[in-house]
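Hi everyone, thanks for coming along. I'd like to walk you through a few local spots in one model, so let me put it on the screen.

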Amino acid sequence: MFLQFIANGIVIGSIYAIVSLGFALIYNTTKIFHLAYAVLYMFCPYMILTFFHGLGLNLFISFTVAIIITVFLSVIMEFLVYRPLAKKESSLNIMLISSIGIMIVVTNIISLFYGSETKILNSEISKTFTIGNIILTYAQISQVSISMILIVVFLLFLKFSRFGIMTRAMRDDDVLCQVLGMDIYKMRYVLFALSGLFSAIIGGLVAYDVGMDPYVGMPILVNAVVALIIGGIGRFEAPIIGGFIIGILQALSVWAFSARWQDAVTFLLLIIFLLFRPTGILAERKRLV
Amino acid sequence: MDYIFHIIILINIYIILTTSTNLLVGMTNLLSLGQAAFYGLGAYFSVLALMVLHLTIIPALLFSAICTSLMSLLIAYPSLRLKGDYFVLATLGFQLIIYTILYNWISVTKGPFGISGIPSPSLFGLLYISGIYSFLVLSSVLAAMVIYIFYKLIHSPFGRALKGVRDDELSLLSIGRNVTSLKIWAFTLSSGFIAIGGCLYASYVAYIDPTSFNLDEAIFILAAVLIGGTGNIKGPIIGAVFVVVLPELLRLVGLPDSIGANLRQIIYGLTIILLMRFRPQGIAGEYALK
């Protein structure tokens with residue numbers, strides 16, 4: 001049983017890792033506390049639902065179209081809300097509140113059109129796959145493998161491509177980037193698109209496994225943010241490590257206590273980290289408090 | 001007529017919530033996403049006072065306010081060491097922990113089933129406060145009292161010191177004020193007063209369950225303050241009236257409840273986005289969020 005819980009933890013951890021990475025991509029570079037990111041996670045499945053069940057396209061095409069629309073939504077958020085605020089040099093708290101505003105608006109638009117009850121994409125009983133005494137569904141295996149691929153490709157890009165270098169430069173000092181002639185607003189569009197892509201892919205895959213409702217994004221995002229804090233803000237490897245730690249820890253707390261207390265365990269961990277090591281596991285030491 | 005009284009009672013409850021949240025957000029520049037937790041704690045403590053300890057209303061109010069303040073002290077001390085986003089996150093974490101505890105500690109809080117049949121409180125054991133008229137009087141008196149106290153507080157040296165924390169923490173430190181203790185005072189006072197709102201809610205509705213005190217409620221309270229305006233007395237009052245009256249107006253227009261609920265949330269969301277962009281101090285506030 002223990003191994004099964006570890007395996008479940010890795011599956012959940014891969015979701016947290018990807019969502020956390022997408023969140024970190026924006027938080028580390030622009031310092032926007034992008035709570036509306038939760039919305040993208042649940043927006044993509046609803047788009048898949050529209051194209052797959054509504055228009056009867058095949059699954060792969062509807063997945064692709066839905067991901068493109070979600071990426072577009074992410075860029076629109078930047079265009080309509082964050083960019084004007086950034087040009088006005090508004091404070092970060094204002095960005096945070098605006099982000100809550102976007103989240104409320106989009107969640108309720110979805111709930112208005114699709115209803116707030118749980119919807120499923122895949123009505124068949126999922127096929128399972130057994131290794132030793134660990135049982136996983138094919139959807140879970142594809143979640144883990146696709147997130148691994150995304151993580152590896154992203155980290156390689158970050159290390160070696162021009163885009164990666166620019167991202168790391170923006171993380172270190174975005175004003176200096178501007179002084180050196182980099183168009184940071186163009187760069188921000190790219191970052192928002194990329195983080196939207198991460199969220200859309202994993203959101204779609206998870207919804208294909210377990211279904212979705214309009215409020216499914218927020219708990220995932222909250223866990224992902226905790227993962228980011230635990231991993232450490234700044235380094236892009238940190239949210240990935242944090243995500244897997246949270247995932248496995250939650251699965252183990254289900255094993256040791258019961259599923260009811262897994263959130264409490266996560267937030268207790270958050271408080272402990274905020275108190276004793278606010279820089280997280282990986283980050284270099286600098287004053288945050 | 002009862003319907004209008006019901007709305008006025010709700011407005012009174014929300015005035016208490018927003019006015020006390022304003023002490024944190026508008027006066028001290030501490031953005032808290034954990035206000036619903038204290039609202040909930042206040043409600044649950046007052047149920048403890050009314051149903052288990054059989055207190056009358058005034059001791060029950062005091063009991064829940066004091067217990068909630070003590071709880072908030074536990075939370076204030078660790079979270080106030082953090083700044084900006086980290087503080088928001090810590091309060092978010094506490095909000096979720098307290099919600100999880102209220103939801104899952106079934107032997108004490110009855111969890112998701114909620115506590116029903118909360119008895120109507122009595123005043124000095126003589127007068128039973130039941131029925132809408134007596135609650136109208138009670139809530140109006142309490143709301144007026146809270147507004148008066150906060151009016152006095154804002155214009156007291158303590159209030160000015162808090163505004164100092166908000167505007168320039170460093171210069172306040174340099175003239176020798178203890179910024180951390182000021183923040184802790186603001187935090188505990190705010191949660192103590194918010195507990196009065198919780199107590200009022202619990203005894204008025206006579207039924208509480210954890211879902212009334214979740215993260216959405218915390219965001220809602222914060223949104224009400226920010227829409228109304230931060231930093232002065234009239235802002236939060238306008239915010240409370242706005243968030244309570246808007247859904248009723250939508251209902252009067254004839255929208256069915258299923259659409260109306262979503263539509264009013266969309267209106268709140270858009271209002272917040274537009275206000276943050278064009279008028280960050282809210283409708284009637286004096287302080288633009290930093």
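Let's begin with a pair of side chains: those of Glu78(A) and Arg188(A) are joined by a polar contact of 2.9 Å. By polar contact I mean a pair of N or O atoms within 3.5 Å, where within protein one must be able to donate a hydrogen and the other to accept it, and residues adjacent in sequence count only if both atoms are side-chain atoms. Before going on, please note that this is a predicted model, where local features need pLDDT of at least 70, side-chain atom pairs count only at pLDDT 80 or more, and totals for chains, interfaces and linings use all residues. Residues are numbered from 1 along each chain as its sequence is written, chains are lettered from A and ligands numbered from 1 in the order in which they are written, and side-chain values use heavy atoms, with hydrogens and water left out.

Back to Glu78(A), which sits in helix H3 of chain A; helices here are DSSP runs of H or I with at least four residues, strands are runs of E with at least two, and both are numbered from the N terminus. Is Glu78(A) buried or exposed? Glu78(A) is buried, its relative accessible area being 0%. Buried means under 20% relative accessible area, exposed over 50%, and partly exposed in between, with a 1.4 Å probe and protein chains only. Setting aside neighbours within four places in sequence, the contacts of Glu78(A) are Arg83(A), Pro84(A), Arg188(A), Tyr189(A) and Phe192(A), a contact being heavy atoms within 4.5 Å.

Staying in chain A, Gly196(A) belongs to helix H8, residues 184-210. Gly196(A) is buried too, at 0% relative accessibility. Beyond four places in sequence, Gly196(A) touches Tyr37(A), Leu40(A), Thr70(A), Val71(A) and Ser74(A).

Now over to chain B and its helix H3, residues 57-79, where we find Ser72(B). Ser72(B) counts as buried at 0% relative accessibility. With neighbours within four places left aside, Ser72(B) is in contact with Phe38(B), Phe187(B), Thr188(B) and Ser191(B).

Next, H9(B). This helix has 27 residues and reaches 39 Å from first C-alpha to last, close to the 39 Å expected at 1.5 Å a residue; the expected span is 1.5 Å times one less than the number of residues. Of those 27 residues, 22 are buried, so H9(B) is largely enclosed by the rest of the structure. At its start, a side-chain oxygen of Asn178(B) comes to within 3.3 Å of the backbone nitrogen of Thr180(B).

What follows H9(B)? That would be Ala206(B), with a positive phi near 65 degrees. Most residues other than glycine have a negative phi. Ala206(B) lies in the loop between helix H9 and strand E4 of chain B, and is partly exposed at 24% relative accessibility. Lys31(A) is placed in the loop between H1 and helix H2 of chain A and is partly exposed, with a relative accessible area of 37%.

Last stop, H12(B). Its buried residues include Gly260(B), Asn262(B), Ile266(B) and Tyr268(B). Among the elements covering them are helices H3 and H4 of chain A, together with helices H10 and H11 of chain B.

Thanks, and I'm happy to take questions!
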